[in-house]
Amino acid sequence: MAYSEKVIDHYTNPKNVGTLDKSSKSVGTGLVGAPECGDVMRLQIEVDEATGMIMDAKFKTFGCGSAIASSSLATEWLKGKSIDEALTVDNMDFVEELNLPPVKIHCSVLAEDAIKAAINDYRVKNGKEAIKFEESVVH
Amino acid sequence: MLKLPIYLDNNATTPMDPRVLEAMTPYFLEHFGNAASRNHPFGWEAEEAVDYAREQVAKLVGADPKEIIFTSGATEGDNLAIKGVYEMYASKGNHIITATTEHKAVLDTCKHIEKTGGEVTYLQVKRDGLIDLKELEAAIKPTTILIAIMYANNEIGTVQPIRQITAIAKKHGVLFFTDAVQAVGKIPVDVIKDGIDLMAFTAHKMYGPKGIGALYVRRKNPRVKVTAQMDGGGHERGMRSGTLNVPGIVGFGKACELCRLEMEADTKRVSILRDKLETELMKLEEAYINGSTEHRLPHVTNISFKHVEGEGLLMGFNKNIALSSGSACTSASLEPSYVLKALGLGDDLAHSSLRFGLGRFTNEEQIDYTVKAISETVLKLRDMSPLWEMYKEGIDLDSIEWAAH
């Protein structure tokens with residue numbers, strides 16, 4: 001199985017690896033996946049409260065190259081987006097951008113789930129209700 | 001000069017020894033005859049070459065040449081042995097005992113037999129990958145006709161106590177079959193001393209060509225018979241029809257001869273390299289060797305690097321080093337290795353494993369390069385792993401409710 005160049009690039013030079021202060025009110029953390037399944041993603045966003053813009057995004061991922069690439073790409077996409085814009089990111093966007101094969105679609109689903117989980121964590125921390133998302137179909 | 005990529009997946013297949021190819025070449029070209037052609041020199045030459053190769057193969061495992069049945073490989077050998085015994089000894093019983101860590105060619109053959117009315121007991125293995133001899137003996141019933149236990153495991157290299165197993169089989173009058181693909185040519189295997197009744201092995205795991213293997217079928221004490229699984233010209237004493245693959249057989253014979261002559265020196269050299277590789281990699285934190293280190297093939301090690309996922313790890317160097325992982329992601333099924341799970345490893349450790357299979361052409365320079373590349377990648381990926389971060393913060397990962405997907 002050969003990886004696409006974009007997956008290899010993100011794997012080799014991952015963007016925004018790191019940790020934000022999860023106790024901060026302006027930081028939302030999404031931790032998705034499970035060690036037994038072979039992939040765990042942690043995606044964090046730092047939101048400017050006044051503008052609702054995502055100022056910073058960081059990730060750490062346990063998983064295959066496609067999972068690492070999907071999370072690295074997610075942080076790149078999220079930076080500079082508003083929360084509302086971030087919510088429109090769909091798993092198929094990752095599949096297209098990274099040219100993921102069918103067997104790796106679950107990595108893209110995980111990345112989408114991580115974004116949603118981070119946003120909800122931020123919302124709850126700031127006294128808003130968590131958004132109820134429909135179960136992702138491709139798992 | 002170090003030549004890349006480095007091949008450390010010798011349990012999957014081995015490169016051919018150039019001396020084997022050299023022996024085979026004439027049998028593709030001038031000596032192309034059919035070994036069953038009795039009436040002209042082309043047939044005679046082919047037959048003579050097959051007879052000689054059969055002796056070379058038999059000699060490596062301490063068998064009589066007449067006891068060697070050539071097959072297309074070990075999958076066919078496994079099928080022929082298990083299904084062949086099941087059908088031949090149907091009047092005696094229908095029960096087979098095997099183990100959960102067997103190769104798929106054995107497990108799926110047993111499942112097939114269950115569908116046709118047979119009964120199969122799958123023995124669990126202990127944490128070190130070995131079967132429990134007491135459990136084996138307790139599983140034997142009056143209807144048991146066959147015990148099928150592999151000589152050495154393909155993923156972790158664990159070598160089963162074959163002589164003790166065959167002693168139990170003999171005591172109860174049950175036939176013993178072993179898939180010895182990983183052991184023959186690597187460690188001494190002797191069908192007489194080991195008390196084996198049937199044994200499958202293959203050329204391409206011992207520096208011979210692909211597409212040729214053998215089933216040893218004992219002729220004395222007891223005389224064992226298997227029902228043929230393919231109808232045809234009645235080749236190979238009626239047990240395996242089909243025109244003989246003469247060049248393949250010649251290559252197999254040569255490969256066996258080389259193993260017989262060079263095994264001792266090869267094993268000594270390769271086990272030193274394996275030990276070096278293992279010692280260096282075990283210097284990493286949270287690294288675990290899977291399976292017995294005491295009863296193990298000399299050229300194999302299987303190591304889990306906790307909190308790093310196997311496929312992600314392989315990606316760090318697989319352009320330059322050929323290895324396998326027990327991770328789900330390297331298989332089509334998305335399930336991690338059933339062998340590692342059978343040892344009682346958690347899925348997380350199974351996902352984090354690498355299998356190293358060294359071989360005749362592995363050298364120290366390659367091992368040094370591999371140690372460096374793997375160590376660097378493990379460290380890099382751990383810096384990127386949320387699980388590693390939690391582990392370092394002292395968080396119990398089992399206490400977290402993971403959203404399994």
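**Notebook: chains A and B**

I began where the chains meet: 23 residues of chain B are in contact with 25 residues of chain A (in contact means that C-beta atoms, placed from the backbone, lie within 7 Å). On the chain B side, helix 9 (310–315), helix 11 (347–351) and helix 13 (386–392) each give two or more residues (helices, H or I, of at least four residues and strands, E, of at least two are DSSP runs, numbered from the N terminus). I sorted that side by class and got 11 nonpolar, 6 polar and 6 charged residues. Here Ala, Val, Leu, Ile, Met, Phe, Trp, Tyr, Cys and Pro count as nonpolar, Asp, Glu, Lys and Arg as charged, and the others, Gly among them, as polar.

I noted that this is a predicted model, in which local features need pLDDT of at least 70 and side-chain atom pairs pLDDT 80 or more, while totals for chains, interfaces and linings use all residues. Residues are numbered from 1 along each chain as its sequence is written, and chains are lettered from A and ligands numbered from 1 in the order in which they are written.

**Core**

Next I looked up the largest nonpolar core, which has 154 residues (a set of buried Ala, Val, Leu, Ile, Met, Phe, Trp, Tyr and Cys residues joined through C-beta atoms within 7 Å; buried means 20 or more other C-beta atoms within 10 Å of the residue's own). Among the residues with the most contacts inside this core are A:A114, B:I96 and B:Y216. Helix 8 (residues 246–281) of chain B gives the most to the core, with 13 residues. The core lies between domain 1 (6–11 + 263–394) and domain 2 (18–259) of chain B, because both give residues to it; the domain bounds come from an automatic or database domain assignment.

**Strands**

B:T71 has B:G213 as its bridge partner.

Chain A has an open sheet of 3 strands in the order 1-2-3, with antiparallel pairing. Strand 1 (27–34) and strand 3 (53–62) of chain A are at the edges with a single partner strand each, so one side of each has no neighbour in the sheet. Strand 2 (residues 39–48) and strand 3 of chain A share 9 bridges, and A:L43 is partnered by A:F59.

Notes
Two residues are in contact if their C-beta atoms, placed from the backbone, lie within 7 Å. A residue is buried if 20 or more other C-beta atoms lie within 10 Å of its own, exposed if 12 or fewer, and partly exposed in between; C-beta atoms are placed from the backbone. Two strands pair if DSSP finds at least two bridges between them.
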